[in-house]
Protein chains: 2
Amino acid sequence: MRGRGQRRQRGGRRAAGMRESALLLLLHREPAHGYTLLEQLAEFGLDEIAPSVVYRALRDMEERGWVISMWDEEQALGPPRRIYRITALGDEVLAMWVQELDETKKLLGRLVGAYHLHMAEGEGEYH
Amino acid sequence: MRGRGQRRQRGGRRAAGMRESALLLLLHREPAHGYTLLEQLAEFGLDEIAPSVVYRALRDMEERGWVISMWDEEQALGPPRRIYRITALGDEVLAMWVQELDETKKLLGRLVGAYHLHMAEGEGEYH
DNA sequence: AAACCTATTGACATTTTGTACATAGTGTGG
DNA sequence: CCACACTATGTACAAAATGTCAATAGGTTT
């Protein structure tokens with residue numbers, strides 16, 4: 001019994017690349033700290049993603065050169081924090097991802113549409 | 001260097017549950033063999049998914065009671081093949097998944113929209 | 001000082017997906 | 001007949017993505 005996935009706990013993996021795209025878009029608007037991004041992700045329904053997952057995504061994106069970070073010198077209350085900003089490569093990657101997401105959106109529309117159309121016909125359901 | 005995902009090879013994981021939903025919808029229309037489903041997935045842009053992945057998905061779905069299968073007695077040219085049909089539980093699960101996919105579609109729309117809106121403003125891009 | 005909030009990281013487990021190959025029946029061309 | 005191709009499914013292992021928990025750390029509040 002290896003149990004292949006039960007149910008997602010609301011908020012996790014939606015569509016491939018959504019998390020990365022959201023982060024890149026937020027950073028394209030303006031540089032920010034991980035903690036801030038964490039909160040801003042709610043705008044795209046991506047809250048409920050665990051903090052470590054977001055921080056990890058940021059580190060991975062930095063490894064790939066999509067963003068860069070440095071310790072924020074502005075010592076403002078609390079522990080040291082990194083400030084992230086998008087790179088030129090990040091810009092390009094964002095544009096590509098958005099196209100991908102739009103493709104996925106269309107495919108989802110096709111599937112959902114096909115479902116409702118089929119249900120409206122009242123056929124099928126073969127048990 | 002554990003390398004966290006490079007690029008999907010077109011067709012793989014798009015959105016969570018898309019593959020299962022597509023299979024369930026196809027089976028709601030009419031019972032079918034795995035091999036047939038494999039081809040019909042193209043309707044939803046899900047071709048390019050490796051055969052073993054589809055067969056595995058079907059077996060997992062059967063374990064969960066969403067579908068049932070039996071060896072097809074109609075001996076028609078070639079090796080024995082399974083015929084899958086959806087269950088009542090499968091019907092319910094399909095309906096739930098479609099709602100989920102519709103939610104995801106909306107979130108994608110929000111993200112893609114926010115991107116274009118932001119780009120139209122010509123601000124940001126902080127390198 | 002205990003408790004809490006901000007902020008980031010690390011390690012490990014679990015889940016999901018990819019890939020390559022094994023098996024098997026049938027038909028076709030040389 | 002043999003090699004090859006097509007239909008059809010299954011198995012095993014590798015790799016990638018995600019989840020979970022706890023550790024560390026500075027600062028404020030009670």
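In this predicted model, M70(B) stands opposite I83(B), a residue of strand 3 of chain B. The two strands around that position, strand 2 of chain B and strand 3 (residues 82-86) of chain B, are paired in the antiparallel sense over five bridges. They belong to an open sheet of three strands in chain B, whose order is 1-3-2 and whose pairing is antiparallel. Strand 1 (32-33) and strand 2 (67-71) of chain B form the edges of this sheet, each of them pairing on one side only.

Against the sheet packs helix 1 (residues 18-29) of chain B, which touches strand 1, strand 2 and strand 3 of chain B and whose direction makes about 90° with that of strand 3 of chain B.

Helix 1 of chain B also packs on helix 4 (residues 88-121) of chain B, at an angle of about 135° and with the two axes 9 Å apart. The crossing of helix 1 of chain B with helix 4 of chain B is left-handed. The residues that make this contact are set out by helix below.

| Helix of chain B | Residues in the contact |
|---|---|
| Helix 1 | M18(B), E20(B), S21(B), L24(B), L25(B) and H28(B) |
| Helix 4 | G90(B), D91(B), V93(B), L94(B), W97(B), V98(B) and L101(B) |

Sorted by class, the contact between helix 1 and helix 4 of chain B comprises eight nonpolar, three polar and two charged residues.

Turning to the relation between the chains, chain A is superposed on chain B by a rotation of 180° with 0.0 Å of shift along its axis, at an RMSD of 0.0 Å. This is the relation of a two-fold axis. The residue of chain A that comes closest to the rotation axis is A15(A), whose C-alpha lies at 2.0 Å.

The contact between the chains takes 40 residues from chain A and 40 residues from chain B. On the side of chain A that touches chain B, helix 1 (18-29), strand 3 (82-86) and helix 4 (88-121) of chain A each supply at least two residues, and the largest share, 16 residues, comes from helix 4 of chain A. By class, that side of chain A has 18 nonpolar, nine polar and 13 charged residues. Of the interface residues of chain A, 100% are also interface residues in chain B, so the copies meet through the same surface.

Methods
Residues numbered from 1 in each chain as written. Chains lettered and ligands numbered in written order. Predicted model: local features only at pLDDT ≥ 70, side-chain atom pairs only at ≥ 80, totals over all residues. Least-squares fit on C-alpha atoms with pLDDT ≥ 70 in both. Contact = placed C-beta atoms within 7 Å. Helix = DSSP H or I, 4+ residues; strand = E, 2+ residues; numbered from the N terminus. Nonpolar A, V, L, I, M, F, W, Y, C, P; charged D, E, K, R; others polar. Pairing = 2+ DSSP bridges. Axes fitted to C-alpha atoms, helices over the stretch in contact; angles between N-to-C directions. Left-handed = near helix turned anticlockwise from the far one by under 90°.
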